Amino acid sequence: MISTAEQKLNKKYFVMSITLLMIFLLIFVVCVEKLEKNQLEQFDFTIIEYVQSRISPPLTIWLKAITFFGGKAWIVPALLIVSVATAFYKKRYGVYLFLSTGIGALLNVILKEWFQRERPDFYTLITQGGYSFPSGHSMSSFIFYTSLAVVLAKISKKKSVDCVIAILFTFLVCAIGISRIYLGVHYPSDVLAGFAAGGFWVCLCSLVLNYYEQRKKLHVNN
């Protein structure tokens, strides 16, 4: 039998997740509408001008390093290692991490092929192929690091640890998004849409995980 306090906590988690899911969906839909109506130019170039006006050799080195932590070369092996490690603790956490990030990456490919937005063609500091919208680095890093934060929060069950993890991962994900603009391979709207799509997917996956855990508790108690 699930306690009243736990039921209230689950209800609060559900309401918060649904609210965030709808916010992320709204942001993504607005980005798509603006993209299709060619209304993103002022938004994009205002931010690009501000970010790229700060270009310097030392900062470029730092942001090239940061962008690495949002790419396949890092996320794929990190995902495999973390998924296996967490699966030893609880199998469902490893499956959750692997599926949320793996399917999320596939969704990004589908979205890129659907919208087929070309990448910026001015002052690029690195070479990057493929389409631009939504940003794969932004979407994948949001999904991976947020999913990992969800699992670590369930394992630690300490608010102080959860806060530290949330702050560190938020800073890293935001820095990865900025690095894509700085390096000239994405428009700001690509990054925003990537965060929004990633946020929507993580909320959906987290709801499924929480539902599974509650069903399992009920089954065990019965």
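1. The lining of the second largest pocket is made up, by class, of nine nonpolar, 12 polar and five charged residues, where Ala, Val, Leu, Ile, Met, Phe, Trp, Tyr, Cys and Pro count as nonpolar, Asp, Glu, Lys and Arg as charged, and the others, Gly among them, as polar. This is a predicted model, in which local features need pLDDT of at least 70 and side-chain atom pairs count only at pLDDT 80 or more, while totals for chains, interfaces and linings use all residues. Residues are numbered from 1 along each chain as its sequence is written, and side-chain values use heavy atoms, with hydrogens and water left out.

2. The volume of the second largest pocket is about 500 Å³, a pocket being, on a 1 Å grid over the protein atoms alone, an open set of points where a 1.4 Å probe fits, with protein on both sides within 12 Å along at least five of seven lines, and lining residues having an atom within 4 Å of a point. Grid points are joined across faces, edges and corners, and a volume is the space filled by probe spheres set on the points. Lys-72, Asn-108, Val-109, Gly-136 and Ser-140 are the closest to the centre of this pocket among its 26 lining residues. Two or more lining residues come from each of helix H4 (72-89), H5 and H6, with H5 giving the largest share, nine residues; helices here are DSSP runs (H or I, at least four residues), numbered from the N terminus.

3. The largest pocket holds about 1600 Å³ of space, and of the 43 residues that line it, Tyr-13, Met-16, Val-150, Ala-153 and Lys-154 are the closest to its centre. At least two lining residues are supplied by each of helix H1 (4-36), helix H5 (91-115), H6, helix H7 (159-182) and helix H8 (188-221), and the largest share, 11 residues, belongs to H8. By class, the lining of the largest pocket has 23 nonpolar, eight polar and 12 charged residues.

4. Helix H6 (residues 136-156) has 21 residues and spans 30 Å from its first C-alpha to its last, close to the 30 Å expected, the expected span being 1.5 Å times one less than the number of residues. Of the 21 residues in H6, 16 are buried, that is, under 20% relative accessible area, as against over 50% for exposed and in between for partly exposed (1.4 Å probe, protein chains only). Lys-157, which follows H6, has a positive phi near 60°.

5. H7, with 24 residues, reaches 34 Å between its first and last C-alpha, close to the 34 Å expected. Just after H7, Gly-184 takes a positive phi of about 80°.

6. The largest nonpolar core contains 50 residues, of which Phe-28, Tyr-96, Leu-97, Phe-133, Phe-144 and Tyr-145 touch the most other members; such a core is a set of buried Ala, Val, Leu, Ile, Met, Phe, Trp, Tyr and Cys residues joined through side-chain atoms within 4.5 Å. H8 provides the largest share of this core, 11 residues. Leaving aside residues up to four places away in sequence, Leu-97 touches Leu-79, Val-82, Ser-83, Thr-86, Ser-147, Leu-148 and Val-151, contact meaning heavy atoms within 4.5 Å.
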